[in-house]
Amino acid sequence: MPSFLSKVFGRKKSDDREFATPRSVRRSSDPSLLEGKFEAIPSNISPSSPKFPEGLHASDKGRVKEGDKGRQFGLLKSKSKLQPSSPTTDAPHLTLRLPGTIDKNGDSFVASFNPQTDETDDSVLTRRLTPGETLSLIEACSKAITERGGLETLGVMRPHWHSASPQLQRKLITLFILTLAQKSPETTLAPSTSPLAAFNSELEYARSVHDVAAVFRWALRHLKLSGTSFGPSSSDEWSWYHNFREAERKADYDPRAFTTKLIPAISPTHTMILLPTFDIISSLAAHAEANGYSGSKLAKYFGFWLLSARRAEGTEDWNSLYTRWEVSGRMLEHLFLSWLRDEDTKRPLPRRLQELVAQYPYTTSPDPTADGLLTRPRFSTRRYDALFVRIEAVYADNDKLPSSRSPVRIFTDALDSEFKSDKGHAYLWDQIKTATTSDPDTKPLPAVLSDDTISLFSLISTDPKEQVLLGASGAASTLSPITEAPLSPITDGNGVSAFKTTLPSSAPQSPKNWAEFSSAGFGETTFSQDFASTLLDKDVEVTDPPLQRKHSKRKQSRNVTPVEPTPPAPDSRAGPEEPECPKLYMVSAEIVQLDEAFVDFWRDAVGDPISNDWPKFVIGELKHPLTPRSIPASSEDGEKVASSSSVNWIIIEEKFRKLTPPLSPAVHHEGLATSGGLRVPSVPLKRTSSPRPSFGEKKSSSLSATLKR
């Protein structure tokens, strides 16, 4: 071999001895087909053997002994101890499916799923995760977000981003759930086909980093704390926080209070979730100018999912849910700022993060605050004025109350409601109802709601009737260059967004004669049925046979009594009749404070089954702001709010109740008597019977009885 070839391939002629065939192999009694250093390809594999996965090669069909397990698979190998065996025992049986079934309760999950062909089961998305499982998922997602430049990606934590793919998110979640089943003794997969390898590959090569961030948020939403609270189990859910708040205040806000006061007070299981979450929040907050999410906004975003053990309560309304969310969010914001001060003593933080804790604890008073929380920081989230409308749906006694309500249905019910009270800011709600009917060519919802809100409703709505109500949503902004028809965004099976042409409702007019037809060109036109008759010359005789009317010989009477048609008998095979529409009333309308982080919090959870037990409410951004007569300049606790001269948000809550028939006064007061200002039950008096009539009154009594009958 020439010397230059030896340099190119990086070895010399003397190195050929390293690639020589071992003596033990050459002395083998079983000769190969090619002899030398190449491995014999078994020829006894039946054509009916199962197909191998893409990661396995045909040369790997033999059995690998213990000494060759560490070697990599390849096309050409040195002759090893691979020995062909009989056709009945040599054919391998590999599968991509995991044995077992899906546990609907979510305690254990061993599924049979092929990520290439199978569909995702909805029970996967409702499964609750243990702290250890949540830690594994958020660490994997945090690493992918950091390595793929997600820290500087605009709107990385914004729900339902336009480039995100719900199909890919479901696939990632399913593959992660399947990795939890690998510890089962029934699961036996090759390394190249394991769910863990598939999950890591999908996570690494995900099309958009927004999908990875969505899986990260799903992990926090489905976290199930080990106990009744984030701290030690007690009757008070937030006692551990109040103890830390008081200990920090007494220690004169020591920078190391997070390590010395909080960590010993909570369980290690919850600590190992809290620290990685603060790592990704601080990384995103350091690039808040690029991604649009500050540390306070992310802390409030995740506070309810991370600290609260109860996802919903049976009797709460929107006010109580918002209060629980705000309390848990401000608590996590306090813990995050305290953690930043602790980290600043260990390593220098970026300047943007140092500015967040420069004025800690944001008050000069040594006394604790009235609400027991940290004073609201200067760089906290913004709060907007929102119109809160409560709707009451009254059903009859024999009707069943609906268990769920879509946001579109809640809003349409509110538009059909009647005013039960004109107090407060009911005039603002009247302005919204008037705006829905001002333009007859526009649907009611797109007439008053922003395009972003309509797009969200289109994603989470599954009813075709509701999609019709949202048909005028933002599609008019994208027009086809040929037909000038709106383009509707659709998604194919691979999650790639496309556009579908939607023809306008008004079809073009057909030409009336040959001149109009010849000048119309070759565009798309619609011809009427009598268009051919218009092309005939005028000298052609066109005759229409006269209409012959049949006259009845018998004259009908003028005064005929109309006979009402008999309604058809109800079909017993038909299903039960749908309950009548409830009576809708607008009970109250007032202006409340809405945190900007709660908007993303609700949008992210409204499509998740985890929020099915929440109160029935909807949040929307108005297309045209409302102008109230008076707006408060501060909240109840004296904190500054985002003062503006308009209201840009609306919150509608719908409550259901059965109609109770009113009691009549006679029935209501029966058996009650007044004694000394108190109403006490009275004993009913027996009515005295009338005396029996004498014989002289027999004739008159029989006559009166006849008249009575």
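The paragraphs below go through the salt bridges and the exposure of their partners.

This is a predicted model, in which local features need pLDDT of at least 70 and side-chain atom pairs count only at pLDDT 80 or more, while totals for chains, interfaces and linings use all residues. Residues are numbered from 1 along each chain as its sequence is written, and side-chain values use heavy atoms, with hydrogens and water left out.

Side chains of opposite charge can pair when their charged atoms come close. With a salt bridge taken as a side-chain nitrogen of Lys or Arg within 4 Å of a carboxyl oxygen of Asp or Glu, the count comes to 28 salt bridges.

One of them joins aspartate 452 to arginine 158, with 2.5 Å between the closest N and O atoms. This pair links distant parts of the chain, 294 residues apart, since aspartate 452 belongs to helix H19 (residues 451–460) and arginine 158 to the loop between helix H5 (131–147) and helix H6 (166–179); helices are DSSP runs of H or I with at least four residues, numbered from the N terminus. Aspartate 452 is partly exposed at 33% relative accessible area, and arginine 158 is partly exposed at 28%, where buried means under 20%, exposed over 50%, and partly exposed in between (1.4 Å probe, protein chains only).

Arginine 405 and aspartate 413 also form a salt bridge, their closest N and O atoms being 2.7 Å apart. Here arginine 405 is buried at 16% relative accessibility, and aspartate 413 is buried at 7%. Elsewhere, salt bridges that share partners join Arg217, Arg221, Asp604 and Asp608 into one network.

Methods:
Helices (H or I, at least four residues) and strands (E, at least two) are DSSP runs, numbered from the N terminus.
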